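User: I have a structure open and would like to go through parts of it with you. Can we start with the aromatic side chains and then move on to the sheet?

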Amino acid sequence: MVDILEDIKKIIGSNAILEGSDISNRASSYWDATPISAKAIVKPKHTDELSLILKQMNDQKQILVTHGGLTGCAQAANTTPDHIALSMERMNKIIEIDDVGGTVTLEAGVILENVQNAVAEKGFFFPLDLGARGSCTVGGNAATNAGGINVIRYGMMRNHILGMEVVLADGTILSSMNKVIKNNSGYDLKQLFIGSEGTLGIITKLIVKLESAPKSKETAIAALDSFSNVIQFLNHMKKEAASSLSAFEVMWGGYYDAVTTEGHHKAPIARNAPYYVITECTGTNSRHDLDAFMSTMEKAFDENIIQDAVIPSSEQQRNEIWNVREGFELILTNDPIFLYDISLPIIQMEEYVREVETSIARTWPQSDCFVIGHIGDGNLHLFICPKEGDESLHHKSNQIVYDPLKRFGGSVSAEHGIGIEKKEWLSHCRSDTEIILMKTLKKTLDPNNILNPGVIFDLTDN
């Protein structure tokens with residue numbers, strides 16, 4: 001076999017390929033400090049280079065795994081010494097901000113926070129927002145169909161994408177760089193690649209639509225005494241705030257108490273309540289919007305939906321509130337710890353969480369189970385800490401978390417994808433017919449199975 005790395009060096013130069021210690025100095029992911037193990041990491045500068053690289057790899061049936069910001073939670077970017085990792089770090093240009101059409105054209109390696117900041121300078125707002133904003137890339141956001149805290153108003157990453165450029169496994173460049181919202185001509189091919197986790201093609205460019213920057217942002221954290229009141233509060237905010245409601249984040253009391261222990265986050269509201277909600281509304285009239293928000297919160301208090309609430313009076317105080325939701329580093333110090341991203345109907349959440357907590361406590365008596373969620377869109381995140389053992393307990397934890405979802409009509413992945421970690425459980429939320437069609441698409445677009453093989457499913461499975 002021809003030396004594939006020598007071929008790639010002829011395309012992008014030896015300085016754009018990492019080997020040996022230059023690879024092992026990089027962590028496998030945000031969640032896993034284990035050094036990356038790969039034959040090489042290649043860093044193309046533009047789409048044409050990537051196209052030539054993929055053609056060479058496809059000809060030699062060389063496995064390629066795409067690396068964005070490595071913030072994914074489902075091990076979709078895991079590599080072995082036989083794999084070549086494709087880093088998108090040099091394909092990081094913000095190509096154009098269209099002031100008239102309200103769009104931004106991006107290379108896939110652009111960091112999400114850089115997009116947010118760049119469009120804000122032009123008076124726009126890119127509403128996709130998540131805790132990993134400072135590291136994750138827009139290509140990765142598209143490949144996993146990321147959600148985040150603003151989904152209740154603006155939707156998932158899929159809802160923002162107008163155009164896309166993709167390089168297929170054989171090096172073919174598929175360009176559908178569409179700027180218009182309404183384009184009903186034939187198949188919308190970009191939808192195949194959104195959420196496909198790098199298994200069908202490599203996303204290289206995106207055109208995403210922007211929103212007008214809000215002139216007001218009103219935030220509150222509330223304490224509640226029951227999950228029925230959490231649901232009532234959500235319905236209250238939807239009714240009273242209507243389309244201005246942009247975030248509704250729930251923290252179970254155990255999570256809130258854990259991250260606000262002494263020496264960690266300052267508790268913005270008294271601890272030891274069963275539930276906490278961070279809610280946020282955005283609008284166009286600062287004075288009017290604040291008055292309306294205050295009235296909405298007061299009504300919730302008067303009707304005994306919430307027991308207490310704090311409304312920040314400065315951006316610093318607002319950030320302190322959000323840090324409680326997003327800054328869970330203290331919980332991550334548990335070893336082992338197993339992270340979950342599931343969805344199910346809101347009406348089923350209380351019973352589901354109670355069942356999982358009971359099973360976890362019965363299995364590991366000293367354990368902790370911490371729960372938070374983008375509850376407005378049916379998404380929960382769980383942190384399971386057995387307080388004993390090691391990674392070998394992961395499968396049992398998966399059974400406890402995933403098995404009830406079939407009965408509750410839920411999904412094993414809400415926004416982080418399936419990756420390698422969850423593929424055993426894919427059939428819990430996708431029918432045999434759906435999985436067969438997914439495999440047919442994979443075999444059609446990547447017949448040599450070089451793009452992230454083993455992610456989402458194994459082609460050899462029946």
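Aromatic pairs and the sheet

Analyst: Y275 has a relative accessibility of 10% and counts as buried. Keep in mind that this is a predicted model.

User: What does Y275 pair with, and what kind of pair is that?

Analyst: Its partner is W252, in an edge-to-face arrangement with 5.4 Å centre to centre and 70 degrees between the planes. W252 lies in strand β13 and Y275 in strand β14, so the pair ties together parts 23 residues apart in sequence.

User: And W252, buried or exposed?

Analyst: Buried, with a relative accessible area of 7%. The strand around W252 is mostly covered too: 8 of the 8 residues of β13 are buried.

User: How many aromatic pairs are there in the structure?

Analyst: There are 13. One of them is W31 with F328, a stacked pair at 6.4 Å centre to centre and 10 degrees between the planes.

User: Where do those two sit in the chain?

Analyst: In distant parts, 297 residues apart. W31 is in the loop between α2 (21–24) and β2 (40–42), and F328 is in the loop between α11 (315–326) and α12 (329–332).

User: Which aromatic cluster are they part of?

Analyst: One formed by Y30, W31, Y255, F328 and F383.

User: OK, sheet now. What is the strand order?

Analyst: The open sheet has 7 strands, in the order β15-β12-β14-β13-β17-β18-β16, with antiparallel pairing. β15 (308–310) and β16 stand at the edges with a single partner strand each, so one side of each has no neighbour in the sheet. From one strand to the next, the twist averages 20 degrees.

User: What holds strands together in general?

Analyst: Strands of a sheet pair through backbone hydrogen bonds, in either a parallel or an antiparallel way.

User: Back to β13. How many bridges does it make with β14, and how many with β17?

Analyst: With β14 (residues 275–283), β13 (residues 245–252) pairs over 7 bridges. On the β17 side (residues 368–374) there are 2 bridges, and that pair also runs antiparallel.

User: Which residues face each other there?

Analyst: L245 has C281 in β14 as its bridge partner. M251 stands opposite I372 in β17.

User: Which helix lies across β13?

Analyst: Helix α8 (residues 227–241), which lies across β12 (216–224), β13 and β14 and runs at about 170 degrees to β13. α14 also packs on the sheet, where it touches β16 and β18 and its direction makes about 10 degrees with that of β16.

User: How long is α14?

Analyst: It has 15 residues, 394–408, and spans 22 Å from the first C-alpha to the last, close to the expected 21 Å.

User: Where does it bend?

Analyst: At I400, by about 25 degrees, and the proline P404 follows within four residues. After the helix comes G409, with a positive phi near 70 degrees.

User: Which α14 residues are buried, and what covers them?

Analyst: H394, S397, N398, I400, V401, Y402, P404, L405 and F408 are the buried residues. Their cover includes β16 (338–343), α13 (349–363) and β18 (379–385).

Note on methods. Residues are numbered from 1 along each chain as its sequence is written. This is a predicted model: local features need pLDDT of at least 70, side-chain atom pairs count only at pLDDT 80 or more; totals for chains, interfaces and linings use all residues. Side-chain values use heavy atoms; hydrogens and water are left out. The expected span of a helix is 1.5 Å times one less than its number of residues. The bend at a residue is the angle between axes fitted to the seven residues ending there and the seven starting there. Buried means under 20% relative accessible area, exposed over 50%, partly exposed in between (1.4 Å probe, protein chains only). Contact means heavy atoms within 4.5 Å. Two strands pair if DSSP finds at least two bridges between them. Axes are lines fitted to C-alpha atoms, for helices over the stretch in contact, and angles run from 0 to 180 degrees between N-to-C directions. Rings of Phe, Tyr and Trp (its six-membered ring) pair if their centres lie within 6.5 Å; planes under 30 degrees apart count as stacked, over 60 as edge-to-face and the rest as tilted.
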